[in-house]
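Hi,

Here is the structure I said I'd pass on to you.

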Amino acid sequence: MRKLLLTASVAGAIAPAAQGAGLDVSVEIPRLDVAEYHRPYVAIWIENADQSVAADLAVWYDVAKKENEGTEWLKDLRQWWRRSGRGQQFPVDGVSGATKPAGTHAVRLEEGAGALAGLKPGNYALVVEAAREVGGRELVRVPFQWPAQKAERLAARGEHELGAVELNIVP
Amino acid sequence: MTRHAARLASRFTPRFASRFASRFAASLALALPLAAQAHDLWLLPSSTVLSGQDAWITVDAAVSNDKFYFNHAPLRLDGLAIAAPDGSAAQAENIGNGKLRNTFDLQLRQSGTYRVAVVNDGVFARWKDADGKPRRYFGKPEGLAQAVPAKAQDLQISQSLGRIETFVTLGKPSAPAPVGKGLELVPVTHPNDLYAGEAATFEFRIDGQPAAGLEVNVVPGGARYRDKVDEIPLTTGKDGRVQVTWPQPGLYWIEASTEDDKTTVARASKRRLGYSGTVEVLAQ
């Protein structure tokens, strides 16, 4: 778990120890019984009511490949590519990260820091999109209001490429 | 009868017949080798939306009524014109000529949108020779003088300008510069930013001016696996624009044709203009 948190903090660029106001995101990558398995590419972002991107939290892809070759398949995260990815230079500071194994992965966001700093009060959705080589693609949305009046635990579930997606809002 | 149903019905009236005839002639002039009947022209790109760097695409070029199946003839690539995002000309590589389709590769060295087109600019002449036998010539205007005898009877010359194209984007889409010549589609909605269930607007222009009242036909690919063509008939407004809401993801063929008398070739009585575009609509 320590290692997962550490990875997430790299992806989210947030120190894992702090427990102030913010968002705790957890994303489950399911273990799949398939002949040829590749870790999925995953994008996590906060979406405005009009589906534009308020903030990118993470994009997990083959960052270690030489000369940014891992970016060739980023377009398969087609919703994220349309809304945000195609306008970016890679790697994206504090957003790009390595692909993750099956399991539950955490991304913590502190209020006032990084992606949350510019978030105005309003309706948003946490969006997680996954695309896997020789596999499928799936997108899961968790709508939420910001800022929250009280602690909230929101969740949604994918059916094939994603497992549980949880959003804990700490006011 | 709904407006849509009325328009569909109208496609089987003489108006449809005349339109068919004009397409027939246009495809004859554009699509050598000669076809015995009307056939449609199209390009089929391997990808339309790409990420990464220095990506490659391959493009098939064919003449066939069934979009996008190669089952009739290859589309000649003599008029291949590829505009890179910065407007410079990009070069096709590995050009191959097949029985049912021609192909070429293209490396996307720049980020942005490429306009990949085959532009056919030529003349079509018909006459009767000294024995009264019908003769004809298709090709470049420069060849007319040699092909047509001085004593040609009933000589009819028409000019033909056709554009068969598609759009491909690496990274962030850029706005393709309008061509300003012939019949063209000027994107209002970006042609690599199309999604099922959403509406897209395109402007048709003739020599850079909005083409009002132009009939535009949008045909989804993949007809082999359904019973109906499911074409979407549209007509441009005064501003030359049409709007289409994509019923499902997939490839679509966009066709329009017309004619006018703005010829630039001596003795040509009219100018035929054609447009055939291929776009890909993505799933949400």
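This is a predicted model: local features need pLDDT of at least 70, side-chain atom pairs count only at pLDDT 80 or more; totals for chains, interfaces and linings use all residues.

**Strands in chain B**

Let's start with strand E15 (residues 215-220) of chain B, which runs antiparallel to strand E16 (residues 232-235) of chain B and is joined to it by four bridges. If you want a pair to click on, B:Val216 has B:Leu234 as its bridge partner in E16(B). E15(B) also pairs with strand E18 (residues 250-260) of chain B, again antiparallel, over five bridges. There, B:Val219 sits opposite B:Trp253 in E18(B).

**A sheet in chain A**

Over in chain A you'll find an open sheet of five strands with mixed pairing, in the order E4-E3-E2-E6-E7. Strand E4 (96-98) and strand E7 (137-146) of chain A are at its edges with a single partner strand each, so one side of each has no neighbour in the sheet. On average, neighbouring strands here are turned by 15 degrees against each other, ignoring direction. Strand E3 (residues 53-61) of chain A runs parallel to E4(A), with three bridges between them; A:Val59 is opposite A:Ser96 in E4(A).

**Where the chains meet**

Twelve residues from chain A and ten residues from chain B make up the contact. On the chain A side, that's two nonpolar, five polar and five charged residues.

Chain B has a mean pLDDT of 88, with 87% of its residues at 70 or more. Residues 1-37 of chain B are another matter: pLDDT stays under 50 there, and the model has 45 contacts beyond four places in sequence for them.

Cheers

Conventions:
Residues are numbered from 1 along each chain as its sequence is written. Chains are lettered from A and ligands numbered from 1 in the order in which they are written. Two residues are in contact if their C-beta atoms, placed from the backbone, lie within 7 Å. Ala, Val, Leu, Ile, Met, Phe, Trp, Tyr, Cys and Pro count as nonpolar, Asp, Glu, Lys and Arg as charged, and the others, Gly among them, as polar. pLDDT is the predictor's confidence in each residue, from 0 to 100. Two strands pair if DSSP finds at least two bridges between them. Helices (H or I, at least four residues) and strands (E, at least two) are DSSP runs, numbered from the N terminus. Axes are lines fitted to C-alpha atoms, for helices over the stretch in contact, and angles run from 0 to 180 degrees between N-to-C directions.
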